[in-house]
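Subject: A structure for you to explore

Hello,

I am passing on a structure that I hope you will enjoy exploring. Please open it first, and then read my notes alongside it.

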Amino acid sequence: MAALIDVFVQNPAVILTIGALITLVTPRHLASLILLIVTALSAIKLYTLGLGEYGRISLIGEELTTLRLDPLSRIFAVVFHIAAALNIIYGWGQRDRAQNFATLAYPAAALGGVLAGDLITLFIWWEIAAITSVFLVWAPGTRVTYLAGMRYLAIQVLSGVLLLGGIVLLYRETGSINFDFIGLRDANGAIKFSALVMLLAFGIKAAFPLLHNWVQDAYPKSTITGAIILSIFTTKLAVYSLARAFPGTNELIYIGAVMTIFPIFFALIENDLRKVLTYSINNQVGFMVCAIGFGAINGAAGYAFGNIIFEGLLFMALGAAMFRTGTSKATELGGLYKTMPITMGLCIIGAMSISAFPGTLGFVTKGLIIDAAGGAHMLWIWLVLLFASAGVLEHAGIKIPYFTFFAHDSGKRPAEAPPQMLIAMGIAGALCLGFGVYPDPLYALLPDQAAIAGYHPYSPYHVVEQLQLLLWAVLAFAVLVLIKWYPAEVPSTNLDTDWLYRIPGRAFAGWVVGASGATFNALWAIFSGRVHAIMERIYAVHGPEGQMAKSWPIGFMALWTAILLGFVLVIAFFA
Amino acid sequence: MTDHNHNPDEKPGWADTKGFRNVFLGVLMTACVLSALAGFVPAFQKDHPHFAAEGFPVFFALWGFAAFMFIVLAGQHLRKLVGRKEDYYEERE
């Protein structure tokens with residue numbers, strides 16, 4: 001028993017989960033402090049553990065490795081801790097118990113998945129992540145968020161069910177439940193069904209094209225802090241899982257390339273800027289999926305690290321504007337730079353970083369992916385990634401800061417963001433610039449040290465190429481604004497794949513419920529009619545006016561004998 | 001939540017002045033020209049380009065400009081296809 005407890009308490013994910021549970025019973029005003037202390041304790045535990053495999057336990061004859069810290073899981077674990085700490089600081093003083101619980105329980109689950117050395121442990125954390133995160137979607141407590149949360153939960157649980165199915169199929173094929181390289185194809189080049197099921201499970205959480213829309217449906221409906229937390233963990237756990245199980249899978253290159261492209265166009269026409277950022281998540285994860293397809297794990301892991309910081313910063317800056325104005329719609333924002341200059345400055349740092357301007361975290365991590373496309377000599381994919389980079393500049397680099405802080409003057413003159421938000425955004429901004437100027441500590445964390453050894457992000461041609469691409473794209477924006485061809489924002493709802501299950505899918509589900517209810521009622525009417533008829537017949541024979549009533553004791557006896565005989569026969573049959 | 005009312009008599013902010021706009025455009029255009037010129041300097045070119053396009057000194061400038069233009073000018077038409085009223089789902093759910 002003591003050994004089992006030891007297995008659990010040395011796992012940083014369990015430490016975080018315990019911390020989250022503690023906030024459910026402690027005074028509300030202490031919640032943020034407790035969450036931050038527990039995150040620090042977990043980070044210290046992670047640091048002191050060192051690389052290796054820990055927490056082995058036997059379950060139904062199989063040995064589980066509940067904690068594996070290797071270079072790939074380490075970089076994700078580190079950035080998850082940074083993100084969790086920033087989220088806690090940003091939402092400092094938050095008193096909602098459910099949100100405080102989810103603020104740490106959900107990152108804990110994602111961390112547990114990243115640290116899982118076997119697929120059973122991964123599955124357990126995978127499901128806990130789904131359940132804990134839905135509290136953030138439900139947090140606003142409206143009917144709209146309740147419905148969105150149910151849709152979100154259904155999709156997340158579907159991913160979990162597919163993962164479990166994949167694990168069972170894989171176990172039957174290989175006899176192993178280790179969470180290592182799986183690969184989509186067997187030695188003969190045929191697609192393995194088990195791997196396909198597992199890829200689909202990961203693909204739902206990574207928001208592959210056509211499976212992507214749960215992100216836009218759920219995340220922007222959460223609270224200000226909730227959306228920031230949600231934006232980080234689920235998709236990155238999926239990226240980690242793909243990097244672990246499917247590196248070098250050719251199909252992922254094309255899936256990733258599509259992911260980088262289509263969200264650009266939806267983001268362009270979207271009025272809700274938080275929704276724009278959710279399309280940005282799809283686009284950014286697309287770059288990572290592409291990198292995994294190339295087998296460039298450094299690119300995927302490094303860019304995931306960077307994205308969590310700078311996309312988080314953009315979410316935080318927009319959240320601060322929303323906290324002060326009550327809206328995240330482009331048509332209702334604008335001109336906030338006059339009274340929120342620090343938030344504006346930090347937002348621009350995040351925007352430049354996600355656009356990968358030299359000197360930022362985005363530049364030193366995105367180059368790893370673009371170079372991998374070049375190294376693979378895939379011209380069209382390389383061109384697509386460059387095209388998508390211009391798209392990132394458009395929707396995340398320009399649209400977010402431009403429509404929030406500049407563009408048309410909304411007339412709103414809110415106060416600067418509160419100190420806790422400024423501190424969290426300031427740390428994120430410092431990380432964007434710090435790693436951008438001096439990426440060595442980040443590169444030291446990358447999983448493939450042999451591949452990164454000869455990489456120099458600030459080679460002259462890298463800088464010139466990137467500056468040409470971005471500056472001329474900004475010039476295109478300036479030209480379009482000057483000649484008034486840049487489209488004005490319009491309040492609207494833009495249909496996406498969620499329309500399929502929210503309108504016709506919902507109607508179909510309603511029809512199925514109605515039809516099955518009507519069928520049941522009809523069958524019940526037939527059954528109850530028959531029973532009624534039989535009872536009437538029995539009454540006619542055995543009732544006070546019936547023939548058998550003349551010898552009631554005998555009839556009664558005969559009836560009970562028959563019932564008992566039937567009962568004994570049934571028992572004898574099953575015994 | 002604080003939302004102070006806009007005073008119609010206040011002076012335009014620094015980003016709304018013509019002077020800032022001119023400086024911004026001036027710096028941007030200068031940087032664009034310099035980055036394009038840098039593409040012609042042999043020391044700033046790749047020794048072993050993966051693709052022929054990389055050998056073209058202003059390829060990235062043209063690709064970035066064209067991509068941005070295409071995304072905005074073509075992408076806005078998507079609104080005609082998928083754009084609906086703001087309360088589209090609220091009415092139906």
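Below are some notes on the two chains and on how they meet.

First, some housekeeping. This is a predicted model, in which local features need pLDDT of at least 70 and side-chain atom pairs count only at pLDDT 80 or more, while totals for chains, interfaces and linings use all residues. Residues are numbered from 1 along each chain as its sequence is written, and chains are lettered from A and ligands numbered from 1 in the order in which they are written.

On confidence, the predictor assigns the complex an ipTM of 0.91 and a pTM of 0.89. Where pLDDT is low, the predicted coordinates should not be read in detail.

**Chain A as a whole**

Chain A contains 23 helices and three strands. Here helices (H or I, at least four residues) and strands (E, at least two) are DSSP runs, numbered from the N terminus. Along the principal axes, the C-alpha atoms of chain A fill a box of roughly 110 × 55 × 55 Å.

Of the 575 residues in chain A, 54% are buried. A residue is called buried if 20 or more other C-beta atoms lie within 10 Å of its own, exposed if 12 or fewer, and partly exposed in between, with C-beta atoms placed from the backbone. Two residues are in contact if their C-beta atoms, placed from the backbone, lie within 7 Å. Among the contacts in chain A with a separation of 6 or more, 80% join residues 24 or more positions apart.

A nonpolar core is a set of buried Ala, Val, Leu, Ile, Met, Phe, Trp, Tyr and Cys residues joined through C-beta atoms within 7 Å. The largest one has 203 residues, and A:Leu314 and A:Ala473 touch the most other members. Helix H13 (residues 297–325) of chain A brings the largest share of this core, 19 residues. H10(A) (residues 224–245) reaches 34 Å from its first C-alpha to its last, close to the 32 Å expected at 1.5 Å a residue; the expected span is 1.5 Å times one less than the number of residues.

Helix H2 (residues 12–22) of chain A is also largely enclosed by the rest of the structure, because eight of its 11 residues are buried. Among those buried residues are A:Pro12, A:Val14 and A:Leu16. Their cover includes helix H1 (2–9), helix H3 (31–49) and helix H4 (71–90) of chain A.

Strand E1 (residues 52–59) and strand E2 (residues 62–69) of chain A pair in the antiparallel sense over seven bridges. Strands count as paired if DSSP finds at least two bridges between them. A:Ile57 stands opposite A:Leu64 in E2(A). Two residues lie between the strands of this hairpin, and A:Ile60 takes a positive phi near 45° there.

A:Ala356 has a positive phi of about 70° although it is not a glycine. A:Ala356 sits in the loop between helix H14 (341–354) and helix H15 (361–375) of chain A, and is buried, with 28 other C-beta atoms within 10 Å. A:Ala407, in the loop between helix H16 (379–405) and helix H17 (419–437) of chain A, has a positive phi near 50°. A:Ala407 is buried too, with 20 other C-beta atoms within 10 Å.

**Where the chains meet**

Strand E3 (residues 493–494) of chain A pairs with E1(B) in the antiparallel sense over two bridges, and A:Thr493 stands opposite B:Arg84. A:Leu480, in helix H20 (residues 460–482) of chain A, is partly exposed, with 16 C-beta neighbours inside 10 Å. Leaving aside neighbours within four places in sequence, A:Leu480 is in contact with A:Trp485, A:Tyr486 and B:Val72.

Happy exploring!
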